[in-house]
Each structure stands twice: as C-alpha cells, then as structure tokens.
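Hi,

Here is the structure I promised to pass on. My notes on its aromatic pairs and helix packing follow below.

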Amino acid sequence: MQSIEFSPIISVVIPAYNAEKTIQETIESVLNQTFENFEVIVINDGATDQTLEIIQSIQDPRIQVFSYANAGKSIARNRGIELSKGNYLAFLDADDLWTPDKLKQQWQALQDHPDASVAYSWTYFINENGKVLFSGTKYGNDSNIYHKLLVRNCLESGSNILVKRSAIAQISHFDPTLAKAEDWDFYLRLASQFKFVCVPKYQILYRVHEGSSSFNIQASENACLTIIDRAFKQAPESLQHLKKYTLATLYTYYVIKLLTYPAKRSDGILAFHYLRLAAKYNPALCKTIWKDLLKILAILLFPLSWSRRLIKAFTKKRAISTPLKAAIDKTLIIAYKESTTQLEEALTAEGFCCEVVRQQDKPEYQNFASSHRCLLNHRQAWEKAAQASHPTLIVESDFVPVVCIGHLPIPFNLEQKNVGVAWLYTCAPQLYSVTSEGFGEGFSSALVAYIVTPEGAKILCESFVEEITAKYGTGYHTFDSEIDHYLRRKGFKNYIPFRNYGEHGGKSNPEHRCNGMSGIHHADLLYGKLAFLPPFLMDHSYPQLRYISTRLQARLKGMARLLLGKYLRPAIVHRSSTPLRLIRFALRRHFYPR
C-alpha cells in the first residue's frame, strides 16, 4: 500500500489477528467517519487466515498495514502507537464498530475542553450479526471517572477512547504481561493523571460472542487481580474502601458471564464459587443471590439444552425497567458537618458514585434559618445536576437506603422529556395518575432522597430560591413541599415510587417542632431491608425493638392515609380516565408484591 502524504490529526490503531469475518466491516466503520483527517494503522498480529488479504483489498491511501509475528493485542497496540503520526490516538479492535460521528464528536469534545486529555462515549453491545443486544452504562461528565474506573471498567471496551499523544507519552503503554483487561489497566493509569470528557452518545458497538467464558476465565481473573492490586497501591487513602466493591463487582461479572450461556455442567460449580466470593466482599448482594442459585441448580440438575432454555425464560420473565444504578451517573449527598462515611459506603456498594455537597458557612448565612440554608445547599446540588447529561440522584445525609437500591427500577420513563423530579423517599405522598408503564405521578413534601433531571434542575436553579425567599425571607419555611407545585407550573411532571427506596434516619428536627410541624417522619412502605441502622436508633436502649415499633407506626399511618383518601383523593379518581389503574396502584403497594 502507498504511504500517506498528509499529516493526520488522528491515528486509528487496529490490532488484527485472525479477524477475517469482521475486519472489513471494522475498517469501513472508520472510513465512513465524518471526520476525515486520520490515518489507519493496522497491525497484522501474525494472522493465519485471510485477514491480511482482506485488508490489502481495501483501497484507501489513509490505510497502512504492518505485519509481525503474533505477540498479543497489547504489543500490537504499542507497535501501532510507535508507528502512528497523529496528535490524537484512537484504538479499535478488529471485531468492533464505530458510529460515523464517533471521531468527530470526541475530537470536538477535546477542543471544547482543553483541560481534558481523553474523550469517551457510551457503548452498545452487539452480537456476531451486528444486532444490538443491550446498551452499556451511561457515565457522564464529572470528576469521578477515576473513582468509577477503580470499581469497574466503565468504559467497557478497548475501542472507546480518543486520547492525546502527549498524555500517552507520560504513562507506560499497554502492559504486555496482562493476558486480559489490558485496556482497563491503561484507562486507570490515564485517569489517575488526566481529565476525561464524555460524549453522551452511543458511539461504540462492542461485539460479544455467545458461549461460556470458562475457557479463559482463569486468565481474566489473574490479570484483573493484578490490575486491582496495582491500582489500589497507587490510589489515595480516601479511595481504599472501594477495593472490596471492586472485587465484588469483578466476581459478579464472572457469575453473569457463566450463567448467561453455560457451556458445560462445571460452569455451574464455577459460578457458585464466584457467587460466594462476590457475596463475601459485598454482603448487600445476598438479597438477590437466590436468583443466581436457581440458575446454578438448573445447570447442575438438567441437561445443558434444558438449563439454557430455563435460564433464558427465567431472565426474560423477571426483566424490569432500567435499574437505578444504570440510569444515574452521579449521586450528590447533601450535608452540613455530619459524617457521611456510612452512607457513602452503602451507596458505593450499590454501584453509585458519590460526591458530598456541604452547606457553606458564609458570614451572611449566620442569621438564616437552618431550613433556608438547606435550600441553598440543595441549589448547589441542582447547579451540578443541571450540567449532567442525564438524571442525578440527590440524598440528604440522614437518608438510609434499602439493600440493593441500585437494582430497583427508576420510577419514571427515561425517554420522557418533561420529568422534573422523582422522589425515592416520600412524606405525605399523593397519587395523581399512573402511566401505562405503571409509573406513579404524584406529590411528596420531602427532599430526603430524589432524582432530578437536568431539565428539572435548570428550572429549579432559575427562580425557585428567589420565589421562596420573596415569600418567606430567610426565616423558617418548608420549601420542599412547594417543589411539586413550582415544577408543574413550569410544565413538568413529578413522580413518586411504588415503595420507598430508603428511610429518613435522622433525629427529630427542633426547628420543625418550634413551628408546629412534626419533628420526624418515616417511610410508610420500604422496598426491603435497610443497609444500616438509622441514626435515630443509635442512643436507644433497645434499637431493634424501637425500629420494629417505628416501622409498625409508619405502616399503620400509611394505611390510614389510604383509607381516609389522603394518598389517593376521591376527586382524583373521579376525574381520572383510568380509575382502576389508580386504585390498583394504591392497593398493591400496601397489600401485594410488585
């Protein structure tokens, strides 16, 4: 092939070994890019099939191919780095694909954020025929990408990033001693020194192949354990607590791989081994462990063809809407001076990435009521949420989540454009309507735990604080009870959960009592067991007995509100076009499983 005569901005490095089935489609996905100033460096890593002939048949002067004896993907990528000329590098595996705008938008993101050195996008997982199987996790722009990468490879493949050559020059290249997960190791080392920026679009098509991973799972485990040990030796002390969650996530991944398409009966035994390790490092997983145990039993007791069908039917039947941890990128914890360590650890264990937003102690705030200072602190969180690419979870420091909160469904349709907030914890809730998907639109008077969309956060930042201040001044007020009315006036809909995702664990607020309000409120119905003991029980002589009593009182109060027509008002039912749907939602939450 002729050597190129131009100076490329981007170099695309493609390592290729026995990729005759996919290499042409992969290269064409690069040639079809809307950004055209690039070179393609294909490293033929000792292919013994028709890979080289297929590459040579593609006529484009931007393609260069170099052949070597087989040495592995890491060395092939490193050779590509050394041979490339562009100031930016992108890596693409020989069976993966890009959308046509991938390079252009990632390059533009780096131009728009000159302090960043790496751009990344979201991933679709496709099968051997190119059909989309499922979407990867949406991680957006924030300062926690290093935090996230320590727990798992949230970039999900080696075909994702666009990185400045100057950044690669300051770290070691891909590690050839790692048999697997060398891209995770590479990303971790980049993230420890450089800023990443996100293009919030699905632009990577990562090809997965059916079949058990037991053939190479030992090599993967050995490589990942090496990466984890190396990464946490270099990580700051403040992030060391994440290591147990990283190990739990790794072993959970192996369980999923083995149980998705088992190849032999021993895969069930191996899956049980990894399931036990995952539960050891993260006991919160024990609540959902029975589902995997049933799948393991199916593998051990039935012929493989039967067990595969049972697992497929079981998984399909229990499919639910988008899990909370997959829909949320950032979790903001509203706090003053109190410790948030226990809450951070519980949420991190569930897959959330937490940032604490503390009240400011400005001199002009000294005479403000604590409720008004709390409002100002929530506004700090709304300002951050308004910059996000998708919804943000905001919780107050005295919130106690239920176990497996990350697996619970997000309580609204993610595709809906006019969502303001969705409460995960409710106080004096009211149900307005129920969508065809089963989501409840409604009202709550507490901001202990809620989701806010970027659009909803922008509206709240515009004038809500000013309206509250004009109405009440900086004295005592219950601003949270006015959120719903304000957002609905702006054209937004707000949602309440089927059941509460956690408990208000704080002690009685003296400011409320002084103003004739109840000092503390509790969730009428919880989705499950709490992750840790609520703070209001800490000083009690018999905390478990007190907890049972509190939960019973809250449950009876919730039933009373239902019977008295305060949760679902008769007028709402009368005006509704789907009254039976409303009644069914209200009754099922108290008396039936979801």
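One aromatic cluster is formed by Tyr251, Tyr253, Tyr254, Tyr274 and Tyr281. Rings of Phe, Tyr and Trp (its six-membered ring) are paired here if their centres lie within 6.5 Å, and a pair is stacked with planes under 30 degrees apart, edge-to-face over 60 and tilted for the rest.

Before the details, a word on the source: this is a predicted model, where local features need pLDDT of at least 70 and side-chain atom pairs count only at pLDDT 80 or more, while totals for chains, interfaces and linings use all residues. Residues are numbered from 1 along each chain as its sequence is written, and side-chain values use heavy atoms, with hydrogens and water left out.

**Aromatic pairs**

Across the whole structure, the search finds 21 aromatic pairs. Tyrosine 124 and tyrosine 202 make a stacked one, with 4.3 Å centre to centre and 15° between the planes. Tyrosine 124 sits in strand S6 (residues 116-126) and tyrosine 202 in strand S9 (residues 195-207), so this pair ties together parts 78 residues apart in sequence. Strands (E, at least two residues) and helices (H or I, at least four) are DSSP runs, numbered from the N terminus. Tyrosine 124 is partly exposed at 28% relative accessible area, whereas tyrosine 202, at 17%, counts as buried. Buried means under 20%, exposed over 50% and partly exposed in between (1.4 Å probe, protein chains only).

**Helix packing**

The axes of H8 (residues 217-234) and H9 (residues 243-260) come within 11 Å and cross at roughly 165°. Axes are lines fitted to C-alpha atoms, for helices over the stretch in contact, and angles run from 0 to 180 degrees between N-to-C directions. H8 and H9 are therefore roughly antiparallel; that label applies over 145 degrees, with under 35 roughly parallel, 65 to 115 roughly perpendicular and the rest oblique.

H10 (residues 266-281) and H11 (residues 289-301) pack at about 165°, with their axes 9 Å apart. That makes H10 roughly antiparallel to H11. Their contact includes Phe272 and Leu275 from H10, and Leu293 and Ile296 from H11. By class, this contact of H10 with H11 has ten nonpolar, one polar and one charged residues. Ala, Val, Leu, Ile, Met, Phe, Trp, Tyr, Cys and Pro count as nonpolar, Asp, Glu, Lys and Arg as charged, and the others, Gly among them, as polar.

Best wishes

Conventions. Contact = heavy atoms within 4.5 Å.
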